[in-house]
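Colleague: I am new to this one. Could you take me through it, one question at a time?

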Amino acid sequence: MEQPNGEPEIILLENLETEYYRLQFLVDAGNEHIKKEMEISLQAGELVGVLYDALLKQYKDPGDPETLKSLNKLCVRLVFCLYAEDAGIFGGRNMFHDYLQAHQREARQALINLFKILDTKPEDRDPYLDDDILAFPYVNGGLFADENIIIPRLGEDIVDLILRRASEDFDWSAISPTIFGAVFESTLNPETRRSGGMHYTSIENIHKVIDPLFLDSLRAELKDIKAVTVEKTRRQKLAAFQNRLAGLKFLDPACGSGNFLTETYISLRRLENEALSLLYHDQIILDMGNPIRVSIGQFYGIEINDFAVTVAKTALWIAESQMMKETEDVVHMSLDFLPLKSYANITEGNALRLDWPRTDYIMGNPPFVGYSLQSKEQKDDILSIYVDEKGKPYKTAGKIDYVSGWYFKAAQLMKGTPIRAAFVSTNSITQGEQVAGVWKPLYDRFGIHIDYAHRTFRWDSEASLKAHVHCVIVGFSSAPNVKPKRLYTAEHFQVAENINPYLISGNTIFIDNKSKPLCNVPHMLSGNRPTDGGHLILSSEERDVLLQNEPLAQKYIKRFMMGYEFINNVPRYCLWLVDASPSDLRKMPMVMKRIESCREARENSPDAGRRKLAQTPTLFREQLNPDYFIAVPKVSSERRKYIPMGYLDKATIAGDKLFIIPDSTIYHFGILTSNVHMAWMRAVCGRLKSDYSYSINVVYNNFP
């Protein structure tokens with residue numbers, strides 16, 4: 001066994017039980033630290049949830065929006081006080097605990113007085129107040145500025161919860177502001193609480209965005225400086241590097257609780273601390289002023305949720321406090337954390353309707369909303385952004401995901417500048433018909449190109465109702481490339497000459513929707529939509545019961561297949577009444593009952609087109625029943641090397657989750673089931689989660 005850069009060691013298997021500690025170098029201690037931070041942060045989130053529920057019961061009108069706003073602010077203030085006493089920000093340890101314990105009989109008034117004193121400069125305070133409250137420092141930053149928040153009565157159980165569980169039994173100084181900010185927001189967000197969990201972006205996933213965007217190059221720069229052997233030159237370069245860090249600006253235009261901003265701030269400060277350590281060689285420096293140059297004032301965010309804005313600011317302050325402690329250990333001097341700096345850099349508002357500040361890097365995790373799920377306001381947002389030079393929305397603007405708006409705004413801002421951006425997105429914007437709609441305007445109008453990308457990976461939330469979202473990360477700019485392009489698949493990457501919007505190493509081309517095939521081949525059609533409320537469809541059992549009672553129905557029953565039934569050979573049936581005579585129908589009361597139910601379902605539909613179909617309740621929306629056809633399922637598993645295809649005849653009705661090709665020959669079947677066609681399909685098709693989503697207009701009609 002040989003450690004990296006070390007002397008070889010020999011461990012005999014018989015001695016492994018007692019000497020396993022020598023293998024500790026194989027364990028990534030950094031990951032263990034992150035796991036511990038995550039564990040503590042989740043415990044903190046659960047604690048806040050318990051406190052939140054207990055306080056909510058004390059309010060006279062728990063459902064009132066003003067009540068909830070006050071409760072959210074109260075929780076933020078309590079968390080800051082609990083963190084500040086554990087982190088030593090207030091000065092003496094347990095200051096908040098001891099103050100509240102001394103005044104627990106009038107706890108509500110004690111908190112009102114404390115919040116006011118934390119927002120008052122020492123010179124403006126009443127000098128005749130009790131010493132225990134005058135000992136608290138001036139906090140500033142706007143955190144305690146609102147005196148109108150409603151604080152309810154605090155019963156013994158709540159005071160005990162704060163003093164025992166939240167203060168004595170828990171150390172808040174060890175939380176990760178990156179994780180805790182998101183967990184904190186989730187805990188106090190009624191919608192998230194209803195879904196049963198805490199949603200946050202893991203630190204690992206944040207680094208998939210920020211490392212290739214800027215951190216890797218900054219780390220490489222510091223590594224090169226370390227290698228400089230001339231002391232004076234190295235010191236000059238270190239000072240210049242620190243100033244460079246302090247000059248960078250970052251924007252997250254969908255910042256939520258600020259986890260991308262806090263993790264970026266922490267990463268920059270750690271680089272700065274490393275530079276300071278090299279500059280001062282662990283010497284004790286007297287009278288050097290504040291050695292820290294990197295500031296939370298370099299970090300900008302836009303967020304539509306007012307409470308998330310407050311949490312983001314608080315998370316950045318906590319990150320600033322923790323990093324200042326690390327700097328103190330490097331330069332061996334005490335630094336003043338308070339009063340907090342008031343930066344107006346986290347803006348509340350709709351990012352798609354606001355002007356963005358000009359920064360060096362844009363990053364984040366904008367909302368995932370598919371085009372079919374968007375509200376009217378969200379549709380209007382996209383149509384107001386995806387406009388051509390004349391101000392008219394692009395034809396495809398109504399059929400792209402909501403996240404696309406952030407790409408357009410970023411591309412608009414970066415045109416002709418060195419700004420670079422990277423976003424986490426649903427993978428649908430790099431697949432199928434959306435690709436041309438999302439990306440073509442960005443290439444044509446703003447001259448962007450993709451700098452690096454992570455191909456589809458699963459993005460899990462920490463909610464108990466696991467929401468598996470399939471995501472990509474795309475880094476892009478209009479600036480010249482300064483390093484090789486990397487295309488990541490899982491943990492591996494390939495160096496690419498060019499990455500196109502399908503996230504493939506190759507030329508940039510766009511596969512547009514085509515209404516007809518490129519070649520002289522049979523047309524592919526969509527199967528039949530029943531649009532019947534389920535009344536014309538029969539399970540095996542329902543078919544058997546119907547035939548026992550009404551044998552005449554036999555000639556009007558056919559096999560019915562959607563993609564699932566076709567792939568898995570699951571028996572399902574339908575009433576196919578295209579040629580049914582009125583006299584036959586009158587002889588089948590059970591069939592007539594189903595027809596009447598179908599008519600009612602269509603009449604009661606909010607869709608005008610479906611209501612019109614109530615005039616023909618015996619028929620599917622379409623009536624395609626060719627003698628012989630190739631069937632292609634719309635959706636199939638990505639684990640398959642080949643999409644299952646096959647021949648069916650007129651005894652089977654294809655539903656709308658099956659595509660059909662009438663008039664097709666065995667030659668066409670051979671081409672469609674070839675490895676070449678499958679490779680084409682994988683490159684350009686859409687995805688449902690990660691499953692293949694075949695299409696006529698993109699996949700079939702464009703296949704040469």
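Colleague: About how many helical turns separate Arg 234 and Glu 231?
Modeller: This is a predicted model. Both residues sit in helix α11, which covers residues 231-247. They are three residues apart there, so the separation is about one helical turn.

Colleague: How far apart are N and O where the side chains of Arg 234 and Glu 231 meet?
Modeller: Side chains of opposite charge can pair when their charged atoms come close. A salt bridge needs the nitrogen within 4 Å of a carboxyl oxygen. Arg 234 and Glu 231 form one, with an N to O distance of 2.5 Å.

Colleague: Is Arg 234 buried or exposed?
Modeller: Buried means under 20% relative accessible area. Glu 231 has 34% and is partly exposed. Arg 234 has 13%, so this residue is buried.

Colleague: Which helices does the salt bridge of Glu 326 and Arg 270 tie together?
Modeller: The side chains of Glu 326 and Arg 270 meet at 3.1 Å, N to O. The two parts are 56 residues apart in sequence. Glu 326 lies in residues 306-331 and Arg 270 in residues 259-280, so the helices tied together are α13 and α12.

Colleague: Are Glu 326 and Arg 270 buried, exposed or in between?
Modeller: The in-between class lies between 20% and 50%. Glu 326 has a relative accessible area of 31%. Arg 270 has 38%. Both therefore count as partly exposed.

Colleague: Which residue forms a salt bridge with Lys 555, and where is that partner?
Modeller: The closest N and O atoms are 3.1 Å apart. Lys 555 sits in the loop between α17 and β14. The partner is 29 residues away, in helix α19. That partner is Asp 584.

Colleague: How many salt bridges does a search of the whole structure find?
Modeller: Some salt bridges share partners: Asp 160, Arg 164 and Glu 168 are joined into one network. Across the whole structure the search finds 24.

Colleague: Which strands stand at the edges of the four-strand sheet?
Modeller: The sheet is open, its pairing is mixed, and its order is β13-β15-β14-β19. An edge strand has a single partner, so one of its sides lacks a neighbour in the sheet. The edge strands are β13 and β19.

Colleague: What stands opposite Phe 560?
Modeller: β14 and β19 run parallel, joined by three bridges. The residue opposite Phe 560 is in β19. It is Ile 653.

Colleague: By how much are neighbouring strands turned in the nine-strand sheet?
Modeller: This open sheet runs β4-β3-β2-β5-β6-β9-β7-β10-β11, with mixed pairing. β4 and β11 stand at its edges. Ignoring direction, neighbouring strands are turned against each other on average by 20°.

Colleague: Which residue in β4 stands opposite Gly 301?
Modeller: Strand β3 covers residues 299-303. Three bridges join β3 to β4, and the two run parallel. Opposite Gly 301 stands Ile 346.

Colleague: How much space lies in the second largest pocket?
Modeller: Its lining has 33 residues, with Tyr 371 and Arg 687 among those nearest the centre. β9, β21 and α24 each give two or more residues to that lining. The lining divides into eleven nonpolar, 15 polar and seven charged residues. The space is about 1200 Å³.

Definitions and conventions: Residues are numbered from 1 along each chain as its sequence is written. This is a predicted model: local features need pLDDT of at least 70, side-chain atom pairs count only at pLDDT 80 or more; totals for chains, interfaces and linings use all residues. Side-chain values use heavy atoms; hydrogens and water are left out. On a 1 Å grid over the protein atoms alone, a cavity is a set of points where a 1.4 Å probe fits but cannot get out, and a pocket is an open set with protein on both sides within 12 Å along at least five of seven lines; lining residues have an atom within 4 Å of a point. Grid points are joined across faces, edges and corners, and a volume is the space filled by probe spheres set on the points. Ala, Val, Leu, Ile, Met, Phe, Trp, Tyr, Cys and Pro count as nonpolar, Asp, Glu, Lys and Arg as charged, and the others, Gly among them, as polar. Buried means under 20% relative accessible area, exposed over 50%, partly exposed in between (1.4 Å probe, protein chains only). Two strands pair if DSSP finds at least two bridges between them. Axes are lines fitted to C-alpha atoms, for helices over the stretch in contact, and angles run from 0 to 180 degrees between N-to-C directions.
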